[in-house]
Amino acid sequence: MTTLADPHTESFRLSMLLNDTRYRSLTFQFIALVAIIAFMAFVGGNLVRNLAAAGLNISYEFLGSQAGYDINQRPIEYTSQSTHGRAALVGLLNTLIVAFLACITATIIGVIAGVLRLSNNWIVSKLMSFYVEIFRNVPVLIWILIIFSIMINTAPAPRDFRGDDPAASMWLFDTIAVTNRGVYIPKPVWGEGSLLVLGVFLASIVGIFLFRRYARKQLFDHGRLIPTFWPSVGLFFIPAILAQLVLGSPISLDYPSLQGFNFRGGITILGSLIALWFALAIYTGAFIAENVRAGILAISKGQTEAAGALGLRPNRIMSLVVLPQALRVIIPPLISQYLNITKNSSLAIAVGYMDVTGTLGGITLLQTGRAIETVLLLMLFYLTISLLISFFMNIFNERMKLQER
C-alpha cells in the first residue's frame, strides 16, 4: 500500500556549498567577487603608497584655481580668469554638443544610405556602395583633417564680405555668414514673456508625440492611416509663432554683423566644430548604413509582397512594414556606433576644438601636473556617458521588440 507524506526537508550543511548544484554557482560567484575586491584593494593601496613615497597625493583642489587660458568655443560664460573646474565644464559641454549633433546626423545619413543601397536603381545602389566602402575604410582622423582643410581653403574670409561690391554675401536674408573661420548665426535674446513662448513650444513637441501615438494606435487597431507629417510640421511651428506674436515678440534675435576684421554678435560655430561634426557623422553613417541594410535583409520578402498585395506604395511598405520590424536588428549595433561617436570625439584636438580631452586632459593637465586626477575624471566622464547611452538605447530596444502573446 502506497502512502503520501510531505517531502523530507534536508538540513543545510557547509559541504552543500560545493556539492549541491543549487549553491555551487553562488559559491563561485562569491569567491570571484572577493578576489576582484582584494585585487582592486591591492592595486589601490600600492598606488597610494607609491604616490606617498614620491611626495604626491591625490587632490582635486586644482579645479578651484584660475585656469589662465582661453577656449575658442564657449557654450557658457567663460574667461581666462575662470577656474579649471569651469574650463572642464566647458569642455564637457563641447563634447556633448558635438556627440549629440553627430549621432543625429549619422543616423539620418545611415538610414538613407542603407535603404538606398538596396534600391533597384543600379546607379543609386552603386553610389551608396561607393560611399560606404570609401568612408568606412579610411580612418576618421583623416576625414576630420580633410573636411577641415576644405572648409578653411574654400569658404570666403570675413574681408570678402566688406565693400560696396563684396566677393561674398550672407545667406537667408543676410542672417547667416559662412566664412573660413566658422559659421555665424543669429542668437536668441530672451525678453519678458519668453518663458511662456518656450513653454508653448515644448507643449507643441509633446502634442506632436501624442498625435503620432494616436495615429499609430488608429492604424494598428482599426487599420485607418492618418497623415502625420504635415500636422506635425504645423504643430511644431504654428503655436509658438502665434504665442510670439500675441505676447509682443518677447524673443528677439541678435544678428551677426561684420565689425573690424571679423563678425561680431550672434552665435559662432567654429570651423573645427563643423569639421569634427560632419567627419564623425559621415564616417559613422557608413557603418550605420550597413546595420540598416542587414536589418532590412533580415525581414522576409513575404512581408513586402503581402504589403504590396494590400495596395501599399513602396515608401509606405518601407516605413510601416519593413523598418519597424528591422529595428530589432538595427538598434543593438547602433548603440555601439553611438558609443564610438562619443569616444572618437576626443580626436577634436587635431583641429583645435576644445572638448573635455583638450581642456581637462590637455591644458589643465599640463599646467597643474595632476595627471592621475585628470585621467580619472576623464575616465569617469566617458564611462558615465557611455553607460547612459547604453541605458536609454536598451530601453528603446526593449520597446521595439516584437510583442509575443
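Is F392 buried or exposed? At 52% relative accessibility, F392 counts as exposed, where exposed means over 50% relative accessible area, buried under 20% and partly exposed in between (1.4 Å probe, protein chains only). The model shown is predicted, with local features needing pLDDT of at least 70 and side-chain atom pairs counting only at pLDDT 80 or more, while totals for chains, interfaces and linings use all residues. Residues are numbered from 1 along each chain as its sequence is written, and side-chain values use heavy atoms, with hydrogens and water left out.

**Figure 1. Aromatic pairs, with Y283 and F287 as an example.** A pair of aromatic rings is described by the distance of the centres and the angle of the planes. Rings of Phe, Tyr and Trp (its six-membered ring) pair if their centres lie within 6.5 Å; planes under 30 degrees apart count as stacked, over 60 as edge-to-face and the rest as tilted. By this rule the count comes to 12 aromatic pairs. One of them joins Y283 and F287, with 5.2 Å from centre to centre and 65° between the planes, an edge-to-face arrangement. Both residues belong to helix α8 (residues 271-297), and because they are four residues apart there, about one helical turn separates them. Helices (H or I, at least four residues) and strands (E, at least two) are DSSP runs, numbered from the N terminus. Y283 is buried at a relative accessible area of 16%, whereas F287, at 24%, is partly exposed.

**Figure 2. The rings of F391 and F392.** The ring centres of F391 and F392 are 5.2 Å apart and the planes stand at 75°, so this pair is edge-to-face. F391 counts as partly exposed, at 48% relative accessibility, while F392, at 52%, counts as exposed. Elsewhere, Y131, F135 and W143 form one aromatic cluster.

**Figure 3. Helices α11 and α12 side by side.** Helix α11 (residues 356-368) packs with helix α12 (residues 371-400) at an angle of about 175°, and their axes are 9 Å apart. Axes are lines fitted to C-alpha atoms, for helices over the stretch in contact, and angles run from 0 to 180 degrees between N-to-C directions. Angles under 35 degrees count as roughly parallel, over 145 as roughly antiparallel, 65 to 115 as roughly perpendicular and the rest as oblique; α11 and α12 are therefore roughly antiparallel to each other. From α11, the residues V356, T357, L360, G361, T364 and L365 meet A371, T374, L377, L378, F381 and Y382 of α12. By class, this contact of α11 with α12 has eight nonpolar, four polar and no charged residues. Here Ala, Val, Leu, Ile, Met, Phe, Trp, Tyr, Cys and Pro count as nonpolar, Asp, Glu, Lys and Arg as charged, and the others, Gly among them, as polar.

Figure 4. Not counting residues up to four places away in sequence, T342 touches A99, Y382, I385 and I389, where contact means heavy atoms within 4.5 Å.

**Figure 5. S82 and G265, two loop residues.** S82 lies in the loop between α2 (21-53) and α3 (84-116) and is buried, with a relative accessible area of 16%. Leaving out residues up to four places away in sequence, S82 touches S65, Q66, A67 and G68. G265 has its place in the loop between β6 (262-264) and β7 (267-270) and counts as partly exposed, at 33% relative accessibility. In sequence G265 and Y255 are 10 residues apart, and in space they are 6.1 Å apart, C-alpha to C-alpha. Apart from neighbours within four places in sequence, G265 is in contact with D254, Y255 and P256.

**Figure 6. Positive phi at D174 and S249.** Most residues other than glycine have a negative phi, and most peptide bonds are trans. D174 is not a glycine, yet its phi is positive, at about 60°. This residue, D174, is placed in the loop between α5 (140-154) and β1 (177-179) and counts as exposed, at 52% relative accessibility. S249, likewise a residue other than glycine, has a positive phi near 55°. The loop between α7 (229-246) and β4 (251-254) holds S249, which is partly exposed with a relative accessible area of 41%.
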